[in-house]
Amino acid sequence: MLEGAKLIGAGAATIASAGAAIGIGNVLSSWIHSVARNPSLAKQSFGYAILGFALTEAIASFAPMMAFLMSSVFRSKNQRKKVEVS
């Protein structure tokens with residue numbers, strides 16, 4: 001039962017990748033709209049767009065780390081005994 005819950009939790013953690021993709025799309029879409037409204041601030045706003053992209057991408061990389069943590073660190077007692085015996 002613990003094994004199934006662990007796999008469900010790891011799968012749910014990877015759903016954050018879809019949210020990160022939506023966030024990156026929103027950042028770049030907002031940047032395009034701001035450049036269309038005021039082209040003279042394109043260089044200045046590009047730095048803010050890259051910062052938003054980097055922060056959103058950091059959240060996207062956090063989700064697989066959590067999935068890996070759930071699938072590898074949280075082991076059942078039976079799996080620990082198998083590792084100790086080997």
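Predicted model: local features only at pLDDT ≥ 70, side-chain atom pairs only at ≥ 80, totals over all residues.
User: Where does Ser45 lie, and is it buried or exposed?

Analyst: Ser45 belongs to helix α3. Buried means under 20% relative accessible area, so Ser45, at 16%, counts as buried. Other buried residues of α3 include Ala49, Gly52 and Thr56.

User: What does Ser45 touch beyond its neighbours within four places in sequence?

Analyst: Trp31, Ser34 and Val35 are its contacts there. Those three turn up again among the α2 residues that meet α3.

User: How do I describe two packed helices?

Analyst: You use the angle between their axes and the distance between the axes. Here, α2 (residues 16-37) and α3 pack at about 175°, with axes 8 Å apart. That angle makes α2 roughly antiparallel to α3. By class, their contact has twelve nonpolar, five polar and one charged residues. On the α2 side you'll find Ala20, Gly23 and Val27, among others, while α3 brings residues including Phe46, Phe53 and Glu57.

User: How many residues does α3 have, and how far does it reach?

Analyst: Helix α3 covers residues 42-72, so look for 31 residues reaching 45 Å from first C-alpha to last, close to the 45 Å expected at 1.5 Å a residue.

User: And Gly11, how far is it from Met70 in space?

Analyst: Their C-alphas are 9.7 Å apart, though 59 residues separate Gly11 and Met70 in sequence. Gly11 lies in helix α1 and is partly exposed, with a relative accessible area of 36%.

Key:
Residues numbered from 1 in each chain as written. Heavy atoms only, no water. Helix = DSSP H or I, 4+ residues; strand = E, 2+ residues; numbered from the N terminus. Buried < 20%, exposed > 50% of the residue type's maximum accessible area, 1.4 Å probe, protein only. Contact = heavy atoms within 4.5 Å. Axes fitted to C-alpha atoms, helices over the stretch in contact; angles between N-to-C directions. Parallel < 35°, antiparallel > 145°, perpendicular 65-115°, else oblique. Nonpolar A, V, L, I, M, F, W, Y, C, P; charged D, E, K, R; others polar.
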